[in-house]
Amino acid sequence: MAKKLNIKVTIEDIQLPLQVSTPDEEKVYRDAAAMIQRRIQRLRDAYPHLPNDKYYYVMAMLNTAVEAVKAADRIDTQPYVEMIQDLEKLMDQQGIK
């Protein structure tokens, strides 16, 4: 079993202890935390009169989720499915199993 790396990332002065598998995964978490922090700050700048911090956090989560949904919708696997089907037909014609 691979050894996990213990790291901490900070968002809004909240330290989050995490375990990651690789330095590359650590970078992803650190970059994501920095992105969230920047997003919250941009929301504070754009909407300075919201009642409390919870609104900024929820808006940041919503914006992030919307981006994730849009990204998932952009993933079109149909060309790959068709390519695999074509390869399977070719393999069947050649008697390759």
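A: Begin with accessibility: a residue counts as buried under 20% relative accessible area, as exposed over 50%, and as partly exposed in between. This is a predicted model. Leu-90 has a relative accessible area of 43%, so Leu-90 is partly exposed.

Q: How many residues does helix α3 have, and what span does it reach?

A: A helix can be checked by setting its span against the one expected at 1.5 Å a residue. Helix α3 covers residues 78–94, which is 17 residues, and reaches 24 Å from its first C-alpha to its last, close to the expected 24 Å. Just after α3 comes Gly-95, with a positive phi of about 75°.

Q: What does the secondary structure of the whole chain come to, and which pattern does the chain follow along the sequence?

A: There are 3 helices and 2 strands, and the pattern along the sequence is β-β-α-α-α. The radius of gyration is 22 Å, well over the 13 Å that the globule rule gives for 97 residues, so the chain is more spread out than a compact globule. Along the principal axes, the C-alpha atoms fill a box of roughly 70 × 35 × 15 Å.

Q: What share of the residues counts as buried, and what does the accessible surface come to?

A: Of the 97 residues, 12% count as buried. The accessible surface is about 8,200 Å², and carbon and sulfur atoms account for 59% of that area. As for contacts between residues at least 6 apart in sequence, 19% join residues at least 24 apart.

Q: Is Arg-39 buried or exposed, and which residues is Arg-39 in contact with, leaving aside neighbours within four places in sequence?

A: Arg-39 lies in helix α1 and counts as buried because its relative accessibility is 7%. Its contacts, with neighbours within four places in sequence left aside, are Ala-60, Asn-63, Thr-64 and Glu-67.

Q: How many salt bridges does a search of the whole structure find?

A: Side chains of opposite charge can pair when their charged atoms come close. The search finds 5 salt bridges. One of them joins Glu-12 and Arg-44, with N and O 2.6 Å apart. Glu-12 lies in the loop between β1 (5–11) and β2 (14–20) and Arg-44 in helix α1 (residues 23–46), so the pair ties together parts that are 32 residues apart in sequence. Glu-12 counts as buried because its relative accessibility is 16%.

Q: Which residue does Lys-27 form a salt bridge with, and where do the two partners lie?

A: Lys-27 pairs with Asp-31, and their closest N and O atoms are 2.6 Å apart. Both residues lie in helix α1, 4 residues apart, or about one turn of the helix. Asp-31 is at 40% relative accessibility, so Asp-31 counts as partly exposed.

Q: Which residue forms a salt bridge with Asp-53, and which residues are joined into one network?

A: The partner of Asp-53 is Arg-44, with 3.0 Å between the closest N and O atoms. Asp-53 is partly exposed, as its relative accessible area is 36%. Through shared partners, salt bridges join Glu-12, Arg-44 and Asp-53 into one network.

Note on methods:
Residues numbered from 1 in each chain as written. Predicted model: local features only at pLDDT ≥ 70, side-chain atom pairs only at ≥ 80, totals over all residues. Heavy atoms only, no water. Expected span 1.5 Å × (residues − 1). Salt bridge = Lys/Arg side-chain N within 4 Å of Asp/Glu carboxyl O. Buried < 20%, exposed > 50% of the residue type's maximum accessible area, 1.4 Å probe, protein only. Rg over C-alpha atoms; globule rule 2.2 N^0.38 Å. Contact = heavy atoms within 4.5 Å. Areas by Shrake-Rupley, 256 points an atom, 1.4 Å probe, with all protein chains shown as cover.
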